[in-house]
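My entries follow the model.

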Amino acid sequence: MRPEPLVHPPAAPTTPAATAVAHPNIALVKYWGKRDERLVLPRVDSLSLTLGVFPTTTTVALAPGTAHDRVTLDGAPAEGEALRRVVAFLDLVRDRAGIAHRAVVESENTVPTGAGLASSASGFAALAAAAAAAYGLRLDAAGLSRLARRGSGSACRSVFGGFAVWHAGRDRADPAEADLASYAEPVAVGDLDPALVVAVVDAGPKPVSSRAAMRHTVDTSPLYEPWAVSSRADLTEMRAALLAGDIEAVGRVAERNALGMHATMLAARPAVRYLSPATLTVLDAVLRLRGDGVPAYATMDAGPNVKVLCRRPDADRVAEAVRAAAPGSRVLVAGPGPGVRLLDGDGR
Ligand code: 2P0
């Protein structure tokens, strides 16, 4: 028998790779409008609930020796604007890490992409966490939130579970200081057992990206500034309502803030209209529920789909009412979900 070698050969060098999972979030006080496009600095603070459904799982593996990033979204090679945004984001991470290697990115979304259900929020939150880990950036939660923000504004909120507020920050002469001041963090809440009933009335891609639509709204809508001003008051009221565990006040503020945001778009020149006849049918059903004494309040993003905030014990009844009002739509009940997390090598 040959003796055991005293010195084991070194293990084959492993290429750094990391996998992260993130969930979408739905804003109850909306982000709409940037004051700095490059740094993705918003004009208003926003506040959201991260959902427990529709996770995005993203793996980033460094690929030394290759000339280009290879990006696969839901099994298909990314191209066009989607590819450009991922590569620009990786460039930012590479620049900070001082590592030039290209990467292989694989991302699986379970949310209908581009349907106003915040697929870019879960997508860039997962990409930020996986890329930061693979390239060896050491970031605290606020740092990860700032980084995710550069990919897509709403992604900075998906770094956190439950309710999160995104601070717009203030204008500074130094861009690095402006960047530091804009990040999300968890929000204190009282005794609240919320659910969001998601009514997917149309899962198709939206006609205008939210990025283009918010730019156009800021540039042309005479209602934009008044909404931004009222949104600041909404945020203060929303924080108090969350702390008090007052679902009715939370819902009232969320619904008026969302309708106000859509009003800014309808007043843009030309108008941007995401709401469809099916959206309005669901809004009518929500009004009827309230008439029947069920606290239920609607919010809509850059698409026709409706999310109805209610108490969790009322969620099945709300879902039934929405299903009956909009036959053919997919209706599901979501609760609060977790913040972004890295999976270990065993996929846990
Ligand atoms: C929100 N939305 O607060 C608002 C409400 C849609 C309506 O954040 O340009 O994909 O990548 O920063 O984050 C959608 O905008 O836009 C969004 P970018 P994003 O959830």
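The model I am reading is predicted.

**Entry: domains.** I looked up the division of the protein chain and found domain 1 (5-189) and domain 2 (194-334). I took the centres over C-alpha atoms and got a separation of 25 Å between domain 1 and domain 2. For contacts, I noted 33 residues of domain 1 against 48 residues of domain 2.

**Entry: buried area.** I wanted a figure for the interface, and accessible area lost when the parts come together is often used to give its size. Here domain 1 and domain 2 bury about 3300 Å² between them, with 69% of that on carbon and sulfur atoms. I then asked which residues of domain 1 lose the most area to domain 2. They are Leu28, Lys30 and Trp32, which together make up 26% of what the domain 1 side buries.

**Entry: charges and polar pairs across the interface.** I counted two salt bridges between domain 1 and domain 2. For polar contacts across this interface, I recorded eight residue pairs, both residues at pLDDT 80 or more. Strand 2 (25-29), strand 5 (46-50) and strand 10 (163-166) are the elements that give two or more residues to the side of domain 1 touching domain 2. Strand 2 has the largest share of that side, with four residues.

**Entry: salt bridges by pair.** Side chains of opposite charge can pair when their charged atoms come close. I looked at lysine 30 and found its side chain in a salt bridge with that of aspartate 301, at 2.6 Å from N to O. By the rule, I get a count of 16 salt bridges. One pair I checked is arginine 35 with aspartate 171, whose closest N and O atoms are 2.7 Å apart. This pair links distant parts of the chain, 136 residues apart: arginine 35 sits in strand 3 (residues 34-36), and aspartate 171 in the loop between strand 10 and helix 5 (175-180).

**Entry: ligand.** Which of the 18 residues around the ligand come nearest? I listed Tyr31, Lys34, Ser152, Ser154 and Arg211. I then read off side-chain N or O distances to an oxygen atom of the ligand: 2.6 Å for tyrosine 31, 2.6 Å for lysine 34 and 2.7 Å for serine 154.

Terms used. Residues are numbered from 1 along each chain as its sequence is written. This is a predicted model: local features need pLDDT of at least 70, side-chain atom pairs count only at pLDDT 80 or more; totals for chains, interfaces and linings use all residues. Side-chain values use heavy atoms; hydrogens and water are left out. Domain bounds come from an automatic or database domain assignment. Contact means heavy atoms within 4.5 Å. Buried area is the accessible area (1.4 Å probe) that two parts lose on being put together, summed over both. A salt bridge is a side-chain nitrogen of Lys or Arg within 4 Å of a carboxyl oxygen of Asp or Glu. A polar contact is a pair of N or O atoms within 3.5 Å; within protein, one must be able to donate a hydrogen and the other to accept it, and residues adjacent in sequence count only if both atoms are side-chain atoms. A residue is near a molecule or strand if one of its heavy atoms lies within 4 Å of it.
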